[in-house]
Amino acid sequence: MNGPHDLGGQMGFGAINPEGESAPVFHAGWEARALALTLCVGALGRWTLDESRHARESLPPAVYYGASYYEIWIRGLEALLVKHGLISAEEMATGQVAEAAAHPRRLPADAVAPALARGGPTDRPLQTAPRFQPGDKVRAKVIHKRGHTRLPRYVRGAVGMIEADHGGHVFPDTNAHGQGEAPQRLYTVVFDGRALWGDDAEPGLHISVDAWESYLEPA
Amino acid sequence: MPHDHSEHDNHLDPIDARVRALETILTRKGLVDPAAMDRIIQTYSEDVGPKNGAQVVARAWSEPGFADWLAQDATAAIGSMGFSGRQGEHMQAVFNTDAVHNLVVCTLCSCYPWPVLGLPPTWYKSPAYRSRAVYEPRAVLAEFGVTLREGQNVRVWDSTAELRYLVIPQRPAGSEGLSQAELAGLVTRDSMIGAGLAQVPS
């Protein structure tokens, strides 16, 4: 979707404000709790990481831009909990809930390290031959999906070159919507800065994205 | 969430109160174990961070065979040092050279190689960095105090899928003869994102 999250090339957000390397990982206690809540609830397996991203980017733009990053996470998590029926809207509003036994998939403390070590690999075997080879010229399709996609707006319609073939990977556009992993071949596609930004491009600039096969067409 | 300035006000930030309320609900409903949350927080506060990535870089600088492995199969090479798992399932190492300086961003969210760098700094997740890194990376680098050498091109890697990128900065002049541990001390977090350079030994 053309949501507030799709920031590449947007203007007006000001200076970067780098913070030093010794700055704390979390700037407030609630940030740490927000991260941990998101990971623990994710371990229940009721939705995919792609669906989590879609919940965050579906926040209204004014909310998204007004929130710090972990606040975006928490708002996305709240939406998913209600959507999937783990918490009712009334429980969320009132905070009144009955004590319940541990969910069978609740992540226990001693399972945290193995779960983090396992991660969630997204590579999948594919039977089909690659449509593109390294060196091929391709155009990023002009698409404006209402649902989740990982093809950023700033490359749509531009011509680039296939640089690498990474084999099959879970397709976020379906996986975010409960429509299955539908793996597709993933490529690194590199663009000359001028193909994206025209005469406004900085000199000597190349930019790459990782793009699923259906995002691309021969050029 | 309303912020009630009564004399019983505990002065919680609205967002702090919101997260506490959600944790209470989820804990009472048996969906979350607070001890597991503590374990996650401890992992990313104390155990996993850019010191891991610095060891990878120092080894790549010291052992050409390891650098080759890193270039060919970064997931395996980094995994052999014990750094693997969530948000590092599919790694790619990109090497800075005299010709090209690499910079990593995630314009769509905040994708970042957790096993080698830990959790991303605030600026990496900010709209300012995410919007500008692909459009005007030299201007962005200047705000980090980085000036590239004449003729050095810039390559920006937008992490739009599940590949996670680790920049291998150039080995600084004057670092000959240092041990791997000493070399690792020169490798900053920002240099492994491409927003900085490795430190020159004093």
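B:C106 is buried, as 23 other C-beta atoms lie within 10 Å (buried: 20 or more other C-beta atoms within 10 Å of the residue's own; exposed: 12 or fewer; partly exposed: in between; C-beta atoms placed from the backbone). The model shown is predicted: local features need pLDDT of at least 70 and side-chain atom pairs count only at pLDDT 80 or more, while totals for chains, interfaces and linings use all residues. Residues are numbered from 1 along each chain as its sequence is written, and chains are lettered from A and ligands numbered from 1 in the order in which they are written.

**View 1. Surroundings of B:C106.** The residue is found in the loop between β2 (100-105) and α6 (114-117) of chain B; helices (H or I, at least four residues) and strands (E, at least two) are DSSP runs numbered from the N terminus. Not counting residues up to four places away in sequence, B:C106 touches B:C111, B:Y112, B:R130, B:D158 and B:S159. Two residues are in contact if their C-beta atoms, placed from the backbone, lie within 7 Å.

**View 2. B:C111 and the annotated positions.** B:C111 also has its place in the loop between β2 and α6 of chain B. B:C111 is buried, with 24 other C-beta atoms within 10 Å. Neighbours within four places in sequence left aside, B:C111 contacts B:C106, B:S159 and B:R164. An unreviewed UniProt entry puts the feature "binding site" at B:C106, B:C109, B:S110 and B:C111; UniProt positions follow the numbering used here, feature names are shortened, and annotations may be inferred rather than shown by experiment.

**View 3. The side of chain B that touches chain A.** The contact takes 69 residues from chain B and 74 residues from chain A. Elements of chain B that each supply at least two residues to this side include α2 (34-47), α9 (137-143) and β3 (153-158). With 11 residues, α1(B) gives the most. The side of chain B divides into 32 nonpolar, 18 polar and 19 charged residues (nonpolar: Ala, Val, Leu, Ile, Met, Phe, Trp, Tyr, Cys and Pro; charged: Asp, Glu, Lys and Arg; polar: the others, Gly among them).

**View 4. Strand pairing between the chains.** Strand β5 (residues 205-212) of chain A pairs with β3(B) in the parallel sense over five bridges; two strands pair if DSSP finds at least two bridges between them. A:S208 stands opposite B:W157 in β3(B).

**View 5. B:D47 in helix α2 of chain B****.** B:D47 is exposed, with 12 other C-beta atoms within 10 Å. The C-alpha atoms of B:D47 and B:P115 are separated by 9.8 Å, and the two residues are 68 residues apart along the chain.
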